[in-house]
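The sequence and model are shown first.

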Amino acid sequence: MGEDTYRVVIAGCAGSGVSTLANYLGETLTGVEIREVTIGIGTPCAPVQADAIVYVSTAYPREEDRRAVSGLREGGRDGRAKPRLLGVLARADLLEWTPGSPQAVSAAAARPHADLAGLALTIGVVPVSALLARASRSLTMSDMESLRRMASSRADQGRARLGEVWWYSAGLFTERAVSIERSQRERLLGLLDLPGIGLAVSALRDSPEMTLDEMGELMRETSGIAVIDTWVRDSLWDAAAARAGGARISLERRIVQELAAGRGRAAAGIRMLRRSALLGVPWAAERVAAGAITRSSVLEWAAVARREAASARTSHQAHAALARYRHLLAVAENIMTDGDAA
Ligand SMILES: Nc1nc2c(ncn2[C@@H]2O[C@H](COP(=O)(O)OP(=O)(O)OP(=O)(O)O)[C@@H](O)[C@H]2O)c(=O)[nH]1
Ligand SMILES: [Mg+2]
């Protein structure tokens, strides 16, 4: 793995939901290699090199899951710090869902299952529906049109919100939900699965005016994916900062040597150091921050990073925090210069 490559590994047993989550991350993260690792039953997990690892668990982790997690914990990145490791309880939309029930699905409802899986695996586990997270980005106007047609087919009957027989299985849905084309039934099942379609139709029965954007937002909210988005970007940001911290220390050492040997051109060296302070990664904190970025907010983050550098317990953490601090100072300086120029 090269200096400029960042890698996130999505690991889990076959069929656990690895590819759906990996595809979501591949679609939403730029400049990162997403690698899937399938854990075999009975074979030890080979060490992986990554900046962050997401372990996809089922509700009841088995022996091979436990073995894989402890193997992955030992992994490193070219002898650097250990990658961060987070557990995900996949297909969380299905866990508390009962076919035919009017109860709304949500990944959050699977929280107790995730906690139990976390206890078994001895890592933090968050419930996520990667399927609904992907759907939130790929639903189209014609999907909305189909969902609307299904919602309006019984809107006037005043019975249970999802009382039709086809809510009991994907097979029944494919055969019986005839208010929309068969190809659309199949597409919706692939995109949302039955719980997701039920959620969308219920929402439209409650709020017929709902827009495509609002539906996307509902799916994203229900999917619980925001926790993963934040965690992955934070992990990458830390990895980028630690690398930059290491690189900068060798640059500083070189400049000091040059100066000591009387060959130094201090001004050029300092310019180089200042330029190297900026981390050009898309997941840098100030790029993903919500709201306006002002010089004072950036300086506040810098102060936090400085405190973290002072209280770091490992040299890896110290390098990362110091690099974050310098990056944020450079960002603040840029904001100031841009402001002066305006
Ligand atoms: N309802 C629901 N289904 C999901 C979710 N994630 C994955 N699935 C479905 O579960 C099945 C397996 O998902 P994959 O993501 O392909 O799992 P995998 O671990 O890559 O599986 P293999 O490559 O076959 O080992 C597919 O039919 C997916 O559509 C989810 O969040 N919710
Ligand atoms: Mg797969």
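## Report on the predicted model

Aspartate 193 is partly exposed, with a relative accessible area of 23%. This residue lies in helix 8, and the model that contains it is a predicted one. The phi angle of aspartate 193 is near 60°, a positive value in a residue other than glycine. Most residues other than glycine have a negative phi. Threonine 122 also has a positive phi, near 55°, and is likewise not a glycine. Threonine 122 sits in the loop between helix 4 and strand 5 (125-127). With a relative accessible area of 53%, threonine 122 counts as exposed, because the cut-off for that class is over 50%.

**The chain as a whole**

The chain has 14 helices and 5 strands. Its C-alpha atoms fill a box of roughly 85 × 60 × 30 Å along the principal axes. Of the 342 residues in the chain, 44% are buried. Among contacts with a separation of 6 or more, 75% are between residues 24 or more positions apart.

**Helix 2**

Helix 2 covers residues 63-74, which is 12 residues; at 1.5 Å a residue it should span 16 Å, and its end C-alpha atoms are 17 Å apart, which agrees. The buried residues of helix 2 are Glu64, Asp65, Ala68, Val69 and Leu72. They cover an arc of only 135° around the axis, which puts them on the same side of helix 2. An α-helix has 3.6 residues a turn, so residues three or four places apart point the same way. What do the buried residues of helix 2 pack against? Their partners are strand 1 (7-13), strand 2 (33-39), strand 3 (52-57), strand 4 (84-89) and helix 4 (111-121).

Alanine 68, found in helix 2, has a relative accessible area of 2% and is therefore buried, the cut-off being under 20%. Leaving out residues up to four places away in sequence, alanine 68 touches Ile39, Cys45 and Tyr55. The C-alpha atom of alanine 68 is separated by 9.0 Å from that of glycine 40, and the two residues are 28 residues apart along the chain.

**Helices 5, 6 and 8**

Helix 8 packs with helix 6, and the axis of helix 5 comes within 10 Å of that of helix 8. The two pairs are set out below.

| Helix pair | Axis separation | Crossing angle | Handedness |
|---|---|---|---|
| Helix 6 (residues 141-152) and helix 8 (residues 182-206) | 10 Å | about 55° | right-handed |
| Helix 5 and helix 8 | within 10 Å | roughly 125° | left-handed |

The axes of helix 5 and helix 8 cross at roughly 125°. That makes helix 5 oblique to helix 8. On the helix 5 side, the contact is made by Leu131, Leu132, Ala135 and Ser138; on the helix 8 side, by Arg187, Gly190, Leu191, Leu192, Asp193 and Gly196.

Helix 5 (residues 130-138) has Ala130, Leu132, Ala133, Ala135 and Ser136 as buried residues. The cover over these buried residues includes helix 1 (18-28), helix 3 (92-95), helix 8 and helix 9 (212-223).

For helix 6 and helix 8, the packing angle is about 55°, and the two are therefore oblique to each other. Ser142, Asp143, Met144, Ser146, Leu147, Arg148, Met150 and Ala151 come from helix 6. In helix 8 they meet Gln184, Arg187, Leu188, Leu191, Leu192, Ile197, Ala200, Val201, Leu204 and Arg205.

**Leucine 329 in helix 14**

Is leucine 329 buried or partly exposed? With a relative accessible area of 34%, leucine 329 is partly exposed. Its place is in helix 14 (residues 315-341). Leucine 329 touches Leu299 and Ala302, with residues up to four places away in sequence not counted. Valine 298 is 31 residues from leucine 329 in sequence, and their C-alpha atoms are 7.6 Å apart in space.

Technical notes:
Residues are numbered from 1 along each chain as its sequence is written. Chains are lettered from A and ligands numbered from 1 in the order in which they are written. This is a predicted model: local features need pLDDT of at least 70, side-chain atom pairs count only at pLDDT 80 or more; totals for chains, interfaces and linings use all residues. Side-chain values use heavy atoms; hydrogens and water are left out. Helices (H or I, at least four residues) and strands (E, at least two) are DSSP runs, numbered from the N terminus. The expected span of a helix is 1.5 Å times one less than its number of residues. Buried means under 20% relative accessible area, exposed over 50%, partly exposed in between (1.4 Å probe, protein chains only). The arc is that of the directions from the helix axis to the C-beta atoms. Contact means heavy atoms within 4.5 Å. Axes are lines fitted to C-alpha atoms, for helices over the stretch in contact, and angles run from 0 to 180 degrees between N-to-C directions. Angles under 35 degrees count as roughly parallel, over 145 as roughly antiparallel, 65 to 115 as roughly perpendicular and the rest as oblique. A crossing is left-handed if the near helix is turned anticlockwise from the far one by less than a right angle, and right-handed if clockwise.
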